Number of protein chains: 4
Amino acid sequence: MANPRNQRRKEDRPAEITAAAMHTFAEKGFAATKVADVAKRAGVSKGLLYLYFKTKEDLFKAVVRSFIFPMIENLTDTVENTDLGAEEFIRGPLLKFAKSVPNSPARFLVRLLVAEGPKHPDLVTWYWENVASKGIGAIRTVVKKGVESGEFRSNAFTELPHIFATPVIFSILWKILFEEHDSLDTDKLIEEHFELILSSIRKNAS
Amino acid sequence: MANPRNQRRKEDRPAEITAAAMHTFAEKGFAATKVADVAKRAGVSKGLLYLYFKTKEDLFKAVVRSFIFPMIENLTDTVENTDLGAEEFIRGPLLKFAKSVPNSPARFLVRLLVAEGPKHPDLVTWYWENVASKGIGAIRTVVKKGVESGEFRSNAFTELPHIFATPVIFSILWKILFEEHDSLDTDKLIEEHFELILSSIRKNAS
Amino acid sequence: MANPRNQRRKEDRPAEITAAAMHTFAEKGFAATKVADVAKRAGVSKGLLYLYFKTKEDLFKAVVRSFIFPMIENLTDTVENTDLGAEEFIRGPLLKFAKSVPNSPARFLVRLLVAEGPKHPDLVTWYWENVASKGIGAIRTVVKKGVESGEFRSNAFTELPHIFATPVIFSILWKILFEEHDSLDTDKLIEEHFELILSSIRKNAS
Amino acid sequence: MANPRNQRRKEDRPAEITAAAMHTFAEKGFAATKVADVAKRAGVSKGLLYLYFKTKEDLFKAVVRSFIFPMIENLTDTVENTDLGAEEFIRGPLLKFAKSVPNSPARFLVRLLVAEGPKHPDLVTWYWENVASKGIGAIRTVVKKGVESGEFRSNAFTELPHIFATPVIFSILWKILFEEHDSLDTDKLIEEHFELILSSIRKNAS
DNA sequence: TATGAATGAGATTTCATTCAT
DNA sequence: TATGAATGAAATCTCATTCAT
């Protein structure tokens, strides 16, 4: 009589629901997303959804957290455990990460965050503390290591690690908004951008 | 009986309403903005607002158009009528323009566009055709002029004028989201970024 | 074109709605009353009802206040302005008032108050301050006047004016609950009860 | 495998559930009481509760019956089996009973009955047949015995045994509603009231 | 033009009840 | 017996839009 499918699904419910919610929020935004649609997409009743998430807002926050967290954790782990030199790291894992973001589901989360920021300031705070500041911090660590090891010279950009993020953010927005109107090779944009920065801070470059 | 103040206001009504709408949309986003609030802020009745704008969406589009249009028109005009050399133009009027955007009301329109894009694809199309492509086109024109005049060498960035926009877009989002958590000198970021690009395409730079 | 009926009704809307709500709440209680039913009974849309009363609870409180207030105000006014002696007052206006309560719409408000007390403690406080304590106070004033003028002797009941209220409250509950099962002559119960009390405190009675 | 504690509890389940329900209904009223809360308070699952009580209404009726029945049965038994004279009985067991009611859990049942009467007319009928009419009947029996034995004269109150109940009902409502706002010595009110009635019907009183 | 009372469709949320295990 | 995940009907409340004046 045991129904292994039901058994297995019971434990996955929250994840199934956040996955469905992720897609719906990404497509329509917070306000235009109907809880009923999320439930239908997840294949559950509205009532069950409310068993796991107390309000629509709760669900929204769970979505943002559960999808962004793994990404940024992955980045900081990589920075901490790498044996690579600073330039090698930037041209390797960091570039790969930067290129992947505009094509990952995370690009929708950027939209959600931008769109819903004013209505959900605590979410922005969470994002700042757990994602943005950590991401910038990770890049800063890498650059500092390069300066200390003598690979990099110290200049304006070693103090502005944000410069590594500008092509990524730009690419995300471009893809979200204009992908259908104009195709932009975001991989190339990011790669060239990284090379440009490296050429400026690389010591043996001058 | 004619009241000159009323008389004068009568002609400004649509502008007063879009101004009120601009602020409310910027603060709350499209869905969370109540038409009644806009009307109250503009000092008119709901009924009158509906006399000028057929629907809430109409009002939204009017807001986006009326505020963005002057900005981009100003940029393209400047490009067409300038006597400056390419580098002079970039370091002068273009840099000034780029620095001004993240501090202008336009930054809220970026948020609105990002947030409401999926619900208003025709607005995105309009924005693409009248703003984004023209802006990128203007930069492309300037860069091409520099290449043709021998000021600039031809490299990856002369084909990717988007690179000039990345720090601007990044600065806008940073200000919108994290201004309260972390202050970033966006002027400096944009200025250094422009210098970085110039150092790469300037012919006598190597 | 002027429609006098609409004109007149506009001003009466809140009163029309509270009247409809009064009947529905009395019939069904707070929780079982549907706002939609009240609106239908009042001949307006749900939306309009919410224009005048922010929540269902607001409406409930407005009902209690608007129906009880006139009654108790009437009693205290009569006490203050009477020329009658204490016994005359009790056998006249007070008895008349006491008899009228179990037959007035107020009897439903007692039910509402008893039923909803735990969910609406502020309403109970309001009722205590504005109705119950004033009602008891009014009786106390009358009795004290009788004692001071020498009409009444001072005994346990001159310190317990509540005794005048017991047959009224009992009659209300009996009517609410058992009217269909057993007819009780509440007028007679109240009248005999008053006479009983008077015979005990009247000075020339012993 | 048999666990004696479980074994014992198994038989008490219904009583444990009605006890938990009694408290929750008394605190919140019928509509605001959640079956889930009752189950948790009783320490059982919702499913098990539904095994014993087919619906929430069933549970409600069981509560009213199981708590009121013993009280009224106790009263009628005492009346039937007493050796006391009428006045002795009234000043003894009846007064004791009357004083106890406003302090017993039964006072909450009065609230429930008043509150839910309109929604549960069969419960009111049951209450009338099994409680109210029997209670009034018991008092009538006592008074009649007094008249027949020559202890009491026959007057309005020997025809209106309800008069003995008025201070009890009043005390219950006062305690339920205003206990926190104003303390009333309900014992004294009831006692003085009984004395008042007795002084009126006692034959050797005039 | 100008008002704002009035509408009604639609969204979120709750909870009694069921049922697979 | 016993559980509690799951359902879905129903209720409150919101707000864009209309329209009589």
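Biologist: Over which residues of chain A does pLDDT stay under 50?

Modeller: Over residues 1–7 of chain A. There the model has one contact beyond four places in sequence. pLDDT is the predictor's confidence in each residue, from 0 to 100. A contact means C-beta atoms, placed from the backbone, within 7 Å. This is a predicted model: local features need pLDDT of at least 70, side-chain atom pairs count only at pLDDT 80 or more, and totals for chains, interfaces and linings use all residues. Residues are numbered from 1 along each chain as its sequence is written, and chains are lettered from A in the order in which they are written.

Biologist: Where in chain A is confidence lowest, and where highest?

Modeller: Lowest in helix α1 (residues 4–28), at a mean of 80. Highest in helix α5 (residues 86–100), at 96. Helices are DSSP runs (H or I, at least four residues), numbered from the N terminus.

Biologist: Why is α5(B) called roughly antiparallel to α9(B)?

Modeller: Helix α5 (residues 86–100) of chain B and α9(B) pack at about 155°, with axes 10 Å apart. Angles over 145 degrees count as roughly antiparallel, so α5(B) is roughly antiparallel to α9(B). Axes are lines fitted to C-alpha atoms over the stretch in contact, and angles run from 0 to 180 degrees between N-to-C directions.

Biologist: Which residues meet there?

Modeller: Among them, B:Leu95 and B:Lys99 in α5(B), and B:Glu191 and B:Phe194 in α9(B). The contact divides into six nonpolar, no polar and five charged residues. Asp, Glu, Lys and Arg count as charged; Ala, Val, Leu, Ile, Met, Phe, Trp, Tyr, Cys and Pro as nonpolar; the others, Gly among them, as polar.

Conventions: Helix = DSSP H or I, 4+ residues; strand = E, 2+ residues; numbered from the N terminus. Contact = placed C-beta atoms within 7 Å. Parallel < 35°, antiparallel > 145°, perpendicular 65-115°, else oblique.
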